[in-house]
Amino acid sequence: MIDMKEQKSATASSLSVLEQMSKTDHEQVLFCQDQATGLKAIIAIHNTTLGPSLGGTRMWQYASEAEALTDVLRLSRGMTYKSSLAGLNLGGGKAVIIGDSRKDKSEAMFRRFGQFVDSLGGKYITAEDVGITTRDIEFVAEETDHVAGLPEYRGGSGDPSPVTAYGVYMGMKAAAHQQYGSDSLNGKKVLVQGVGHVGEALVDYLTQEGAKVIISDIYEDRVKDVVNKYMVEAVNPDEVYDVDMDIYAPCALGATINDETLKKLKCSVIVGAANNQLADEERHGKAVMDLGILYAPDFLVNAGGIINCYWEVIGYNRDAAMAQTEDIYNTTLKIFKRSSELGIPTYLAANQLAEQRVEAIGKTKQYF
Ligand code: NAD
């Protein structure tokens, strides 16, 4: 599970820790270090108005602590918005472990990390993110119950990617309804960029519905497998933006909607799984709208994974997780309606709804 934009290290801020926390309105940040295991980690809790904060742990070789802090603050804030919009009783949190995920891991390190997670008493629930496997999470789970994304044989819900793909598919149907007057994707030309865990499962849904799917991936073996399995066309990664298509589905990298690609993109709808698709949310969110392209905000349509984790936390029920993911269809339509009524970009309409829910639920808590 990768996101190239996110994997690029975040730009460090010159502000102090408390100034940064105040700017982004974070509740709590925990710095964790342990010489014996080499653990250096930061856990950021953005907002727990809606419930305990949930977000994965990322292991990455940040150039500096400052960079790691900026990244964890940005990511944890994003989780508050994603869970709020998905209607989950979860707040936003995230953790980063500073280190090389290919060299620096050990059972002891993850168990020590699990103790730090446990010390927060359930205010933060962790899961996998870039550089972290289900095996690592199993070590964390030896020390704390505040974990999601465990494999099925440990009583968890397993890989969330198929659920994420289902949510993206629902978002795409809602976008088709809005843009073409019918939510049928039959005959629609859809380009799926990146056929990894989510992308391939999305191709499955799309081909079953009769969409004309074109795929692209940087790994030839991935392309070959998916082409043979689903009888779809493929293009080279550098040809993606030259293809005439109805729907562009970014399922690999972030920041693919940028000044360069917007000059070329020939599509009327954008819906995909990748996080942070708009290189600059404000500028490119508006540019997409001005071009008449309907953009379904990524953190809205890719929420299937967090929905699945949520159900694992409260008592796993696959049918309920899928039903709640299916509801992404309705939320997406609601966002489009708000966007067209107010004449604002769709990302902004989504942000506003997420903020409204946190504010409204926050007010009910004043009475306790
Ligand atoms: P993955 O690593 O399984 O798949 C990504 C695929 O993209 C890989 O096959 C990779 O080779 C390909 N790729 C990389 N660069 C490419 C390029 N330039 N052109 C074409 N293909 C390229 O990741 P995933 O779990 O399928 O996640 C896909 C995206 O969705 C990521 O951005 C991830 O952050 C996001 N996301 C995933 C989930 C989830 O449940 N897995 C949930 C929310 C968001």
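Start where H3 meets H15: on the H3 side the contact residues are Thr 80, Tyr 81, Ser 83, Ser 84 and Leu 85, and on the H15 side they are Ala 350, Asn 351, Leu 353, Ala 354, Glu 355, Arg 357 and Val 358. By class, this contact of H3 with H15 has 6 nonpolar, 4 polar and 2 charged residues. Please keep in mind that this is a predicted model.

Now the geometry. Two packed helices are described by the angle between their axes and the distance between the axes. For H3 and H15, which spans residues 346-364, the angle is about 85 degrees and the axes are 8 Å apart. An angle from 65 to 115 degrees counts as roughly perpendicular, and H3 and H15 are therefore roughly perpendicular to each other.

H3, residues 65-85, also packs with H2, residues 17-24; here the angle is about 20 degrees and the axes are 11 Å apart. That makes H2 roughly parallel to H3, since angles under 35 degrees count that way. The crossing of H2 past H3 is right-handed. Which residues meet there? From H2 they are Val 17, Gln 20 and Thr 24, and from H3 they are Leu 69, Thr 70, Leu 73 and Arg 77. The contact of H2 with H3 divides into 3 nonpolar, 3 polar and 1 charged residues.

Next, the aromatic rings. With ring centres within 6.5 Å as the criterion, the count comes to 5 aromatic pairs. One of them is Tyr 166 with Tyr 205: the ring centres are 5.4 Å apart and the planes are at 40 degrees, so this pair is tilted. Tyr 166 sits in helix H6, residues 161-180, and Tyr 205 in helix H7, residues 197-208, so the pair links distant parts of the chain, 39 residues apart. Are these two tyrosines buried or exposed? Tyr 166 has 12% relative accessibility and counts as buried, while Tyr 205, at 23%, counts as partly exposed. The cut-off for buried is under 20%.

A further pair is Tyr 241 with Tyr 248, with centres 6.0 Å apart and planes at 70 degrees, so it is edge-to-face. Tyr 241 and Tyr 248 are both buried. Going back to Tyr 166 and Tyr 205, ring pairs join them with Tyr 169 into a cluster.

That leaves two single residues. Asn 308 lies in helix H12, residues 304-314. Its relative accessibility is 0%, so Asn 308 counts as buried. What does Asn 308 touch, leaving out residues up to four places away in sequence? The partners are Ser 157, Pro 160, Val 163, Tyr 316, Arg 318 and Ala 321.

The other residue is Lys 123, placed in the loop between helix H4, 107-119, and strand E6, 124-125. Lys 123 has a relative accessible area of 36%, so it is partly exposed. Neighbours within four places in sequence aside, Lys 123 is in contact with Gln 28, Ile 45, Thr 48, Pro 52 and Ser 53. Gly 91 is 32 residues from Lys 123 along the chain, and their C-alpha atoms are separated by 8.8 Å.

That is what I have; questions are welcome.

Conventions:
Residues are numbered from 1 along each chain as its sequence is written. This is a predicted model: local features need pLDDT of at least 70, side-chain atom pairs count only at pLDDT 80 or more; totals for chains, interfaces and linings use all residues. Side-chain values use heavy atoms; hydrogens and water are left out. Axes are lines fitted to C-alpha atoms, for helices over the stretch in contact, and angles run from 0 to 180 degrees between N-to-C directions. Helices (H or I, at least four residues) and strands (E, at least two) are DSSP runs, numbered from the N terminus. Angles under 35 degrees count as roughly parallel, over 145 as roughly antiparallel, 65 to 115 as roughly perpendicular and the rest as oblique. A crossing is left-handed if the near helix is turned anticlockwise from the far one by less than a right angle, and right-handed if clockwise. Contact means heavy atoms within 4.5 Å. Ala, Val, Leu, Ile, Met, Phe, Trp, Tyr, Cys and Pro count as nonpolar, Asp, Glu, Lys and Arg as charged, and the others, Gly among them, as polar. Buried means under 20% relative accessible area, exposed over 50%, partly exposed in between (1.4 Å probe, protein chains only). Rings of Phe, Tyr and Trp (its six-membered ring) pair if their centres lie within 6.5 Å; planes under 30 degrees apart count as stacked, over 60 as edge-to-face and the rest as tilted.
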